[in-house]
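My entries follow in the order I made them.

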Amino acid sequence: MLKYFHLIIIDQIFNLIFSSQCLSCHQYGTYLCSTCLNKIDFHPIQKCANCNKPSINGQTHARCISPLGIDGVFALTHKNQLMSTIIKQLKYRRSSHIIQSLIPLINYTPDFLHNFDYLIPIPLHPKRQKDRGFNQSELLANLIHQHLHTTLAPPILIRTHSTTPQADIHDRNTRLTNLKHVFSLNPNIDKNILKNKSILLIDDVSTTGATLIQATQILKRAHAHIVWGLVLAR
């Protein structure tokens, strides 16, 4: 949490030096102007994480759910050109200062996702996080924690292996294989903290759901009761 506030202070200094500019139309004054905000689709078709067919609120179909499977994934927006630009800026250009511009998106989180026991961001491998300087999913989780007053969990999940970025893999089965055995529980955290708890996993984007699916298996093996995913875009 302290590290997150350090980033906010750095970002405020950054904004004093460099004028903010809309990521889409390049208008000065903000990273996401009201005109471009209105271009974002806040009513995307929600889909089952398993079969990728439409489902109510992104809930996993009864025919698709398994004991260790994710219970649902809700996407705040559709991944159009603007959202792709925002996510790329956030992930690959060391632009953690644009995170505050996402508050209007966070406010579209449906009420049923406000009451989960814990928020858990998808972790990066330590090497990749060191190279990037931050974990964008962690920044998002902190933003959701602040504005929806949900509980941010201690670092329960860790990433033990550095893998090929999911964005570079287009086949769903290969994506799933790429992430096998890369997540584990933090050995310094009492895993009983998850017993019978509802967990909301936070990530920036979901394409095939492979990352969220693999992370869910670890959490459910530790007896988490319900696991959903919340992503910016799908």
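**Entry 1: a strand pair.** I started at P121 and found its bridge partner in β5, I202. This is a predicted model, so I kept to its limits: local features need pLDDT of at least 70, side-chain atom pairs count only at pLDDT 80 or more, and totals for chains, interfaces and linings use all residues. Numbering runs from 1 along each chain as its sequence is written, and side-chain values use heavy atoms, with hydrogens and water left out.

I then took the strands as a whole. Strand β2 covers residues 118–121, and β5 covers residues 198–205. The two run parallel and are joined by 4 bridges. Two strands pair if DSSP finds at least two bridges between them. Strands here are DSSP runs of E, at least two residues, and helices are runs of H or I, at least four residues, numbered from the N terminus.

Next I checked the faces of β2. In a regular strand the side chains alternate between the two faces of the sheet. Y118 and I120 are buried on one side, L119 and P121 on the other. Buried means under 20% relative accessible area, exposed over 50%, and partly exposed in between (1.4 Å probe, protein chains only).

**Entry 2: salt bridges.** How many salt bridges does a search of the whole structure find? It finds 2. The criterion is a side-chain nitrogen of Lys or Arg within 4 Å of a carboxyl oxygen of Asp or Glu.

One joins K220 to D71, with the closest N and O atoms 2.9 Å apart. K220 sits in helix α8 (residues 210–221) and D71 in the loop between α2 (34–37) and β1 (72–77), so the pair ties together parts 149 residues apart in sequence. I noted both ends as buried: K220 at 9% relative accessibility, D71 at 17%.

The other is K127 with D131, at 3.3 Å from N to O. Both lie in helix α5 (residues 126–132), 4 residues apart, about one turn of the helix. K127 is exposed at 53%. D131 is partly exposed at 41%.

**Entry 3: the cysteine.** I looked up C48 in the loop between α2 and β1. Is C48 buried or exposed? It is buried, with a relative accessible area of 0%. Leaving aside neighbours within four places in sequence, C48 contacts K53, S55, Q59, T60, H61, C64 and R234. Contact means heavy atoms within 4.5 Å. From C48 to D71 I noted 9.0 Å, C-alpha to C-alpha, and 23 residues in sequence.
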